[in-house]
Amino acid sequence: MSSLLDFDRKHLWHPYTSMTAPLPVYEVVAARGVRLQLADGRELIDGMSSWWAAIHGYNHPVLNQAATEQLGKMSHVMFGGLTHEPAVSLGRRLVEMSPAGLERVFFCDSGSVSVEVAIKMGLQYWQAKGKEGKNRLLTIRGGYHGDTFGAMAVCDPVGGMHQLFRGVLPQHLFAPLVDCSFSEPWDPQALHGFAELIQANHQQLAAVILEPIVQGAGGMRFYHPEFLAGVRRLCDDLQVLLIADEIATGFGRTGKLFACEHAGVTPDIMCVGKALTGGYLSLAATLATAEIAETISTVSSSNPGLFMHGPTFMANPLACAIANASLQLLLDSPWKQQIQAIEAIMDEELASLREQVGVSDVRVLGGIGVVEMKEAVNVAKIQQQFIEQGVWIRPFGRLVYIMPPYIISADDLHHLTRAMATVLRNT
Ligand SMILES: *Cc1c(COP(=O)(O)O)cnc(C)c1O
């Protein structure tokens, strides 16, 4: 083992792995386009976009240039009492491209923090209105919203970490999994469980939080847009805010710029992250309506009139400059056609896996292709097999899935789907 891997194994934590008996890791030395280059010289076609983030591929000349130019000016400066062009341009761009009505932007450093900020906004909103009793959240099972405490508390109660941290996590409400997939005809029954919960509890509910249309790390499920439309109506009728966590889905991945657009809804609060900088740096944002911002800003005996949050690296200029370039690149690109082409190829080439022994479901939406197995896969073994096939695919649990960079060529995508077929045939 190289001394680098040796040190890594002894001293570095990797995500969701044992420190003493970790899964193997591979040393990557460079990345360009859709290819990762390993230290041993092997090249892998990237099927993961580094967890939804690297939508333009790696080492993109336009993003590199934006980073270099901003570095020459300043990489960081505090946002307390100062402002700068990268933040203002990015804020303007986000307001313009987001669902109508979302016009106040809070910049933060990661997706989980943007979820904390969204939850806090929801709580402070009702506090400011003198309705302190509205301090719980409602979500749906199978969700994932991040690893910090506020976010963890609304992750799926079984798949998440509720058991481990019980007694510390706030207790929220969980509606059943949405029993109507994106591609099925809409079944109004699918809204009943949710409707019952919100009707019975709205007086103590500050907000509903959910991932619109696609539930990511909690199970890679695609649910029907009518469900989301129904949730929006119920929230309006019962005076509960709607928080849409678009951290995974935002910026085109599902075939719409934001997944909320599938249902034509505007949330009251929206979280974005992951692809925001094209995968270059950690940056996220929480957008809210003017009404929320103004309510939080009213001074009263129950409310200080300030939103109580402010990270050190808020609106980091380097990250904002890269995000500006990344969003410009996205909007100037034929991203819709790219996603449609990816979807068509995955639809066609993954379909045959449905008949495969051990496979329980195959589903494709936009630039996301999922093969759900009946049993959890052996990640170490299957990852190695994928590497032997020249691809980077990182499964979790029963899910083997790809969400490649939007710029992937048809040939490289064939390579990914072929590798999935080959490897899953042998498991
Ligand atoms: C990844 C993710 C998060 C957390 O973002 P981090 O940047 O990892 O903190 C939250 N919500 C959703 C839907 C995500 O996919």
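Which pocket is the space taken by the ligand? The ligand's space is the largest pocket. A pocket here is an open set of points on a 1 Å grid over the protein atoms alone, with protein on both sides within 12 Å along at least five of seven lines. A molecule sits in such a pocket if more than half of its atoms lie within 2 Å of the pocket's grid points. The model is a predicted one, where local features need pLDDT of at least 70 and side-chain atom pairs count only at pLDDT 80 or more, while totals for chains, interfaces and linings use all residues. Residues are numbered from 1 along each chain as its sequence is written, and side-chain values use heavy atoms, with hydrogens and water left out.

Now for the ligand's surroundings. Its shell is made up of Ser-110, Gly-111, Ser-112, Tyr-144, His-145, Gly-146, Glu-211, Asp-245, Ile-247, Ala-248 and Lys-274.

Ser-112 puts a polar side-chain atom 2.6 Å from an oxygen atom of the ligand. Lys-274 has a side-chain N or O atom 2.6 Å from a ligand oxygen, and for Asp-245 a side-chain N or O atom is 2.7 Å from a ligand nitrogen. Of the 380 Å² of accessible area that the ligand has on its own, the protein covers 82%. Such areas come from the Shrake-Rupley method with a 1.4 Å probe, and for residues only the protein chains shown count as cover.

Ser-112 counts as buried because its relative accessible area is 16%, where buried means under 20%, exposed over 50%, and partly exposed in between (1.4 Å probe, protein chains only). A polar atom of the Ser-112 side chain also lies 3.3 Å from the backbone nitrogen of Asp-147.

Most residues other than glycine have a negative phi. Trp-52, though not a glycine, has a positive phi of about 75°, and Asn-59, also not a glycine, has a positive phi of about 55°. Trp-52 lies in helix H2 (residues 49-52) and is buried, at 6% relative accessibility. Asn-59 sits in the loop between H2 and helix H3 (61-73), and its 30% relative accessibility makes it partly exposed.

What about the leucines? Leu-210, in strand E7 (residues 205-210), is buried at 0% relative accessible area. Its C-alpha is 9.2 Å from that of Leu-228, 18 residues away in sequence. Leu-276, in the loop between strand E11 (269-272) and strand E12 (284-289), is buried too, with 0% relative accessibility. Leu-276 and Tyr-144 are 132 residues apart in sequence, and their C-alpha atoms are 18 Å apart. Leu-71, by contrast, is found in helix H3 and is exposed, at 52%. Its C-alpha is 9.6 Å from that of Ala-321, although 250 residues separate Leu-71 and Ala-321 in sequence.

Finally, Pro-86 has its place in helix H4 (residues 85-97) and is buried, with 5% relative accessible area. The C-alpha atoms of Pro-86 and Ala-21 are separated by 43 Å, with the two residues 65 apart along the chain.

Key:
A residue is near a molecule or strand if one of its heavy atoms lies within 4 Å of it. A polar contact is a pair of N or O atoms within 3.5 Å; within protein, one must be able to donate a hydrogen and the other to accept it, and residues adjacent in sequence count only if both atoms are side-chain atoms. On a 1 Å grid over the protein atoms alone, a cavity is a set of points where a 1.4 Å probe fits but cannot get out, and a pocket is an open set with protein on both sides within 12 Å along at least five of seven lines; lining residues have an atom within 4 Å of a point. Helices (H or I, at least four residues) and strands (E, at least two) are DSSP runs, numbered from the N terminus.
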